[in-house]
Amino acid sequence: MSYLQPLAGQTVLVTGASGGIGAAIVERLSAEGARPVIHYGRDRQRAEALLCKLGGNGLIVQADLSRPDGAFALWGDALSAAGRIHAVVNNAGVRFAAPVFCYRFFLAAVGLRLVMRPLSV
């Protein structure tokens, strides 16, 4: 019985791929036969270490997704490097530190309203 690689020949862009969950996704995609495009924001060394772990099977692309044009730049650079992209795993997240008292400000910034009402018993 031979081991099938269901993603053989597929190029998959993984955002936020240089660490944590993104790196695990990249490793699995590679094991399934895909050629991952490893996106990183700041940590090129981790992205290169991941690519090395994969035996060089993949590509590395940098983009700052916190910038308004970041996603467009990432797509253009990834497409130029890969030639064709069959799928995208949108794993990246932008974190910021804020004190607890900024919770209401955060909700207002993302367009949510905090409604507090007593629970009915």
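Strand β1 (residues 11-14) and strand β2 (residues 35-40) run parallel and are joined by 4 bridges, where helices (H or I, at least four residues) and strands (E, at least two) are DSSP runs numbered from the N terminus, and two strands pair if DSSP finds at least two bridges between them. Within this pairing, V14 has I38 of β2 as its bridge partner. The structure is a predicted model, in which local features need pLDDT of at least 70 and side-chain atom pairs count only at pLDDT 80 or more, while totals for chains, interfaces and linings use all residues. Residues are numbered from 1 along each chain as its sequence is written, and side-chain values use heavy atoms, with hydrogens and water left out.

Between the two strands comes helix α1 (residues 20-31), and together β1, α1 and β2 make a right-handed β-α-β unit; right-handed here means that, with the strands pointing away from the viewer, the path from the first strand over the helix to the second runs clockwise. Strand β1 is also joined by 3 bridges to strand β4 (residues 87-89), and these two run parallel as well. In a regular strand the side chains alternate between the two faces of the sheet. Both faces of β1 are covered, with T11 and L13 buried on one side and V12 and V14 buried on the other, where buried means under 20% relative accessible area, exposed over 50%, and partly exposed in between (1.4 Å probe, protein chains only).

On the β4 side, A87 stands opposite V12 and, leaving aside neighbours within four places in sequence, is in contact (heavy atoms within 4.5 Å) with T11, V12 and L13. The C-alpha atoms of A87 and V14 are separated by 8.6 Å, although the two residues are 73 apart along the chain. V88, also found in β4, is partly exposed at 46% relative accessibility, and V88 makes a nonpolar surface patch of about 250 Å² with W75 and L79.

The loop between β1 and α1 holds S18, which counts as buried because its relative accessibility is 16%. Beyond its neighbours within four places in sequence, S18 is in contact with residues that include H39, Y40, D43 and R46.

Side chains of opposite charge can pair when their charged atoms come close. A search of the whole structure finds 5 salt bridges, each being a side-chain nitrogen of Lys or Arg within 4 Å of a carboxyl oxygen of Asp or Glu. In one of them, E32 pairs with R28, the closest N and O atoms being 2.8 Å apart; E32 is buried, with a relative accessible area of 13%, whereas R28 is exposed at 55%. Another joins E48 to R44, again with the closest N and O atoms 2.8 Å apart, and these residues are separated by about one helical turn because they lie 4 residues apart in helix α2 (residues 44-53). The side chains of D69 and R67 also meet in a salt bridge, at 3.3 Å from N to O, with D69 partly exposed at 38% and R67 partly exposed at 48%.

Taken along its sequence, the protein chain follows the pattern β-α-β-α-β-α-β-α, which comes to 4 helices and 4 strands. Of its 121 residues, 27% count as buried, and residues 24 or more positions apart account for 53% of the contacts with a separation of 6 or more.

Conventions. Patches are made of residues with over 30% relative accessible area and no salt bridge: like charges are joined within 9 Å, nonpolar side chains (Val, Leu, Ile, Met, Phe, Trp, Tyr) within 5 Å. Accessible areas come from the Shrake-Rupley method with a 1.4 Å probe; for residues, only the protein chains shown count as cover.
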